[in-house]
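I set out below what I looked up in this model, entry by entry. The sequence and structure come before the entries.

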Amino acid sequence: EDIILEVNDLKKYFPIKGGMFNRTQGFVKAVDGVSFKLRRGHTMGLVGESGCGKSTTGRTILRLAGEKTGGQVLFNGREVYDFTAKELHDARTKMQIIFQDPYSSLSPRLPISEIVGEAVREHNLVPKDEFDDYIDKVMEECGLQPYHKMRYPHEFSGGQRQRICIARALALNPEFIVCDEPVSALDVSIQAQIINLLHDLQEERGLTYLFISHDLSVVEHISDAVGVMYLGGMVEYGFTEDIFRNPLHPYTKALFSAIPIPDPKAKQNRIVLEGSIPSPANPPKGCKFHTRCPFAKDCCKEIAPEQKELEPGHFVSCHLYDE
Ligand code: SF4
Ligand code: MG
């Protein structure tokens, strides 16, 4: 299989400063043991409650959050954190990110042609005399009219602005795009259009996506694989079908219990979580989910479960599946 991205035990801690000398007093363990593999041309949905570390995982993979605290990020087999400045600069075209809020991620002072073309010029990706045609083509590919290219972001609707963000990423001819809640800020009627656009671009260009979302129905629709995060860790991941048909981790089951299911028999398996998510500055020992897990055993409080492959491509971190 053709793996474009492999993440092994990735950790990203942020220091908490305080006191008279502004010393480090602890760490927010935003990403704390994330492991997965992503196939080229696939979409991996990343789900979990807000604050579980989805966005930080995406940003840490792209080296947009400073140094990592631990673990590996292998992009096309190479450690991203070993790239030289020059290699990183080049890799920036191959690894892109699209954000939730198309309003704040576009400069209000630049016309669309500049927004889409700025980095293309900086990276010298196309000859000068082909530049205008190139930008037109990318805009068209994203469903934007090239004759609008001298207009400014405020003249466009939210959906159009997200198309501009996608065009800006696409213009660099990327292989991999982190999509961080790309449709969450949009009207439901517009969401499907943007999802379809991302899907079409993937088909045409063989793109790979890490698709961060709290919307399980969107994730089920667009993803080939799904990863479930809780308190900075990846508790389960696998093919979308397997995860939705046969969720194995108690947290995944609880998360999916929130989806309305018409089948009354399925209701018997529902798990409703008590309590709130512990602070990532002071996560529970052992399995981080043990304070809320209805199946917690003694060992769960002491020993962190290892990630095990329970069916082909379906990985779970939970002591319920220890031999
Ligand atoms: Fe629950 Fe234990 Fe599994 Fe954690 S390891 S999810 S506490 S059963
Ligand atoms: Mg987020």
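**Helix 6.** I began with helix 6 (residues 188-205), which has 18 residues and reaches 26 Å from its first C-alpha to its last, close to the 26 Å expected at 1.5 Å a residue. The expected span is 1.5 Å times one less than the number of residues. Helices here are DSSP runs of H or I with at least four residues, strands are runs of E with at least two, and both are numbered from the N terminus. I noted that Gly-206 follows helix 6 and has a positive phi, near 65 degrees.

**Conventions.** I recorded that the model is predicted, that local features need pLDDT of at least 70, that side-chain atom pairs count only at pLDDT 80 or more, and that totals for chains, interfaces and linings use all residues. Residues are numbered from 1 along each chain as its sequence is written, while chains are lettered from A and ligands numbered from 1 in the order in which they are written.

**Helices 3 and 4.** I looked up how helix 3 (residues 112-122) lies against helix 4 (residues 131-141): their axes come within 10 Å and cross at roughly 105 degrees. Axes are lines fitted to C-alpha atoms, for helices over the stretch in contact, with angles from 0 to 180 degrees between N-to-C directions. Helix 3 is therefore roughly perpendicular to helix 4, a label given to angles of 65 to 115 degrees. I listed Ser-113, Val-116 and Gly-117 from helix 3, which meet Phe-131, Ile-135, Val-138 and Met-139 from helix 4. Contact requires C-beta atoms, placed from the backbone, within 7 Å.

**Val-116.** Not counting residues up to four places away in sequence, Val-116 touches Ile-135, Val-138, Met-139, Ile-164, Ala-167, Arg-168 and Ala-171.

**Thr-240.** I found Thr-240 in helix 8 (residues 240-245). Leaving aside neighbours within four places in sequence, Thr-240 is in contact with Glu-220, Ser-223, Asp-224, Ala-225 and Val-226. Val-219 is 21 residues from Thr-240 in sequence and 8.5 Å away, C-alpha to C-alpha.

**Arg-39.** I placed Arg-39 in strand 2 (residues 23-39). Arg-39 is partly exposed, with 16 other C-beta atoms within 10 Å. Its contacts, leaving aside neighbours within four places in sequence, are Glu-1, Asp-2, Ile-3 and Ile-4.

Conventions. Two residues are in contact if their C-beta atoms, placed from the backbone, lie within 7 Å. Angles under 35 degrees count as roughly parallel, over 145 as roughly antiparallel, 65 to 115 as roughly perpendicular and the rest as oblique. A residue is buried if 20 or more other C-beta atoms lie within 10 Å of its own, exposed if 12 or fewer, and partly exposed in between; C-beta atoms are placed from the backbone.
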